[in-house]
Amino acid sequence: DLALLQQLPQSALSGIIEIAAAQLRAGPANKKALVETAESLEVEPSDLNTTIEAVMHLLLDTARLQMPEQDLRQSLEDLGLEEEKTASLLQACSEQAAHARSVVQGIAPSLPVFKGLDWRLDVQVGSRCLRGQSSPQMTLQIQSERHGQPQTQLCQASLEDVEAMRVEIKAALQQLFQTTPGVLPAFFDDFLQMSPVATADGSQNPGCPSSRSEVPG
């Protein structure tokens, strides 16, 4: 949806960013003004509106995901934008971050925000008469935040249950990436590349490279 920016001059991008920021604060732009702007840029009003909405969603998504500047820059560079245009979008995301975050908090459900994860693998070995049998358990300590207050949950699960959770989370992240391309932080991209967790029979290799995972930023 940001493809139109490749065809427009830098001055036009500045105007589009201003309109997107104004829509965050006051709602949709006046249709007449939109048509006049589109005519001055020699583009279709529908294409201009789509681009303005894309910039607005970019401001909201970067605030919602709290994307580090490096990840956002990489995502914008992947779109093939010029360095000057990339810098303008980065500046806009930074300047509008506080307001965009307040908008997101106003429309988002009151759910805990994931902050980090500690895990430990415990293996209970069978007695002599039950050689070769083991009961692996994964202990998970999940750090989250809700309404600015840190929370910690401690739980235990079999490796089969952990693998089932990994599959479901991976599917959800892939769906998010398909509907909102280019906005996932590198942390989630690394998660999508993780190998399956080892099951009790040892048929798969462990996929967790570390006992500590955190959301950057």
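Me: Which residue has a side chain that meets the side chain of Asp 122 in a salt bridge?
Reply: This is a predicted model, in which local features need pLDDT of at least 70 and side-chain atom pairs count only at pLDDT 80 or more, while totals for chains, interfaces and linings use all residues. Residues are numbered from 1 along each chain as its sequence is written, and side-chain values use heavy atoms, without hydrogens and water. A salt bridge here is a side-chain nitrogen of Lys or Arg within 4 Å of a carboxyl oxygen of Asp or Glu. At 3.0 Å from N to O, the partner that Asp 122 meets in this way is Arg 120.

Me: Is Asp 122 buried, exposed or partly exposed?
Reply: Buried means under 20% relative accessible area and exposed over 50%, with partly exposed in between (1.4 Å probe, protein chains only). Arg 120, the salt-bridge partner of Asp 122, has 48% relative accessibility and so falls in the middle class. Because the relative accessibility of Asp 122 is 27%, this residue counts as partly exposed.

Me: How many salt bridges does the model have?
Reply: The pair of Asp 122 and Arg 120 is one of them, and another joins the side chains of Arg 73 and Glu 69. The side chains of Arg 73 and Glu 83 also meet in a salt bridge, and the count by this rule comes to 4.

Me: By about how much of a helix are Arg 73 and Glu 69 separated?
Reply: Helices (H or I, at least four residues) and strands (E, at least two) are DSSP runs, numbered from the N terminus. Arg 73 and Glu 69 form a salt bridge at 3.6 Å, N to O, with Arg 73 partly exposed at 25% relative accessibility and Glu 69 exposed at 51%. Because the two residues lie 4 places apart in helix α4, which covers residues 69-77, their separation is about one helical turn.

Me: In which helix is Glu 83, the salt-bridge partner of Arg 73?
Reply: The side chains of Arg 73 and Glu 83 come to 3.1 Å, N to O, in their salt bridge. This pair links distant parts of the chain, 10 residues apart, with Arg 73 in helix α4 and Glu 83 in helix α5.

Me: Leaving aside neighbours within four places in sequence, which residues are in contact with Thr 86?
Reply: Thr 86 sits in helix α5, residues 83-95, and it counts as buried because its relative accessibility is 0%. Contact means heavy atoms within 4.5 Å. With those sequence neighbours left aside, Thr 86 is in contact with Arg 73, Leu 76 and Leu 81.

Me: What value is phi of Glu 42 near?
Reply: Glu 42 lies in the loop between α2 (31-41) and α3, and it is exposed because its relative accessible area is 73%. Most residues other than glycine have a negative phi. In Glu 42, which is not a glycine, phi is positive and near 60°.

Me: What is the relative accessibility of Val 125?
Reply: Val 125 has its place in strand β1, which covers residues 113-125. It counts as exposed because its relative accessibility is 65%.
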